[in-house]
Amino acid sequence: MTTEQTLYKTFKSKIQEVADVNHAIAVLNWDQETYLPQKGAKIRAQQISTLAGIAHTLSIAPEIGDLLNKLGKSETLSDWDRINVKESLREYEKKQKYSKEFVVKLSAVTSECYQAWMKARSANDFQIFRPSLEKMVAIKREECELLGYEEHPYDALLDQYEPGAKTSELNVLFSDVHSQLVDFVKEISEQEQVKDSWMYQAFNKDSQWKFGLELLEQMGYDFKAGRQDISEHPFTTSFGSSDVRVTTRINPNNLYEMIWSCIHEGGHALYEQGLKSEDYGLPTGMYLSLGIHESQSRLWENNVGRSLPYWQVNYPRLQQLFSEQLKQVSLEDFYKSVNIVKPSLIRTNADELTYHFHIMIRFEIEKALIEGKITVADIPTIWNEKYKEYLNLDVPSDKQGCLQDIHWSHGSFGYFPTYSLGSFYAAQFYHQAVKDIDSLEKHIENGNMQPLLDWLRKNIHQYGRFFNADELCQHITGESLSFKYFMNYAKTKYKYIYNI
Ligand code: CO
């Protein structure tokens, strides 16, 4: 073994130690959301906080910095090893920018802000949240300066969730959303509306649960490397690619919630199960960005899970499980009902088109706050004006308006745009998959999802962070992310559904 190979091996084992601790935290978090008894919450918070401190100390150890700096000069490393060194060094240097004082201050502001948000939400009063959110915005602006940026301060925050993404690119994407999607949704709203009253009957919970498992199985989710449980908010968590778990929520009076949370989380989980197990803990064994992660969930949820071929194979089974409720509902009507477009106040309930207006509003507000063009006190008014402008809705209360999301109280500025990026990447990737895979939709219609999963594994999952998001997109589709793929997908689908 050369000296460099020995150094690389040491680096790998050090970085995997950090991953071990982080995944142990993930197990505790998973348990907290699924099975933790009520009285266990306090001691659990302490355990998680202790482990988080240990993970942080391990990850900023000077020894790792030395190894990375030596390896960074090497000219004999393989491409994959070189990427792992480069990405790890980038992460390492980023962590070094945070002083201990800043980290302590940020954590204090975050917990204050979260408490204030909870209170404000239950009192339905933004003013309770305002002073803490002001502190949060101030510290986030400080964070932008501390991290540094080339073009726009908001880039520094975006980079934490979507490495390499630029505010200027988002401006282009959302100006396309604004100029193309707003009018199209308006056109849809003027057509005869689709009915879905049958979806709000009583649906036996056990049958729903069973159906959800069948859908996951059909997608290719590996139950020997994961499991599904119930939680209040559905999520996916990974403890390494051989143990990737999903949760779902079952509403006995609404069939939609379980079905699309299963497919959505299933898409996230397939990505995590498809990461290289031998690259555990290394950048090439990790998901690329939140936008790319979301592209995997949205592709399954919308491009596949809300398509006609998908329900051609799955609807007969659903009708069999709920024969009373669905006996009068044709496949065609069912398909249309799962694709209803209707402006609504709450982001998490939005359809796949108007969803992006919710994100655009949050992006515009966040950006203006970071630029210092608006103040926290302006948020409710601006929020309500934008909901009127883009969605033609009057916001009746802060609770149904600017207090609905947890993100700002957590300090997650720069996070929202990744949701839209996910859908736009999904549309572009799916367009390419249809080109690359012979009769893809025929396979889906037959319940054979394997060709699509193989394509995703080969083109996306196996790479981890080998490419950045833009390189990956170019590698797969030959061009950078473009809104036109989403718009074409939307037009083709919804013109049919709404007879336009
Ligand atoms: Co998601």
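Among contacts in the chain between residues at least 6 apart in sequence, what percentage join residues at least 24 apart? The share is 72%, where a contact means heavy atoms within 4.5 Å. The structure is a predicted model, in which local features need pLDDT of at least 70 and side-chain atom pairs count only at pLDDT 80 or more, while totals for chains, interfaces and linings use all residues. Residues are numbered from 1 along each chain as its sequence is written, and side-chain values use heavy atoms, with hydrogens and water left out.

To begin with the overall fold, the chain contains 21 helices and 3 strands; helices (H or I, at least four residues) and strands (E, at least two) are DSSP runs numbered from the N terminus. The chain is as compact as a globular protein of its length, because its radius of gyration of 23 Å is close to the 23 Å that the globule rule gives for 500 residues. This radius is taken over C-alpha atoms, and the rule is 2.2 Å times the number of residues to the power 0.38. Along the principal axes, the C-alpha trace spans about 70 × 55 × 50 Å. Of the 500 residues, 54% count as buried, a word for under 20% relative accessible area, with exposed meaning over 50% and partly exposed in between (1.4 Å probe, protein chains only).

Next comes the metal site. The cobalt ion has three protein donors, His264 (NE2), His268 (NE2) and Glu294 (OE), which lie 2.2 to 2.3 Å from the ion. Donors are N, O and S atoms within 2.8 Å of the metal (3.2 Å for Na, K and Ca), and water is not among the atoms, so sites may look incomplete. Since His264 belongs to helix 10 (residues 255–273) and Glu294 to helix 11 (residues 290–304), the pair ties together parts that are 30 residues apart in sequence. The spacing of the donor residues in sequence is H-x3-H-x25-E. Both His264 and Glu294 are buried.

Most residues other than glycine have a negative phi. Asn124, although not a glycine, has a positive phi of about 55 degrees. Asn124 sits in the loop between helix 5 (100–123) and helix 6 (126–147), and is partly exposed, with a relative accessible area of 32%. Asn392 is not a glycine either, and has a positive phi of about 55 degrees. The loop between helix 16 (379–391) and helix 17 (417–436) holds Asn392, which counts as exposed at 56% relative accessibility.
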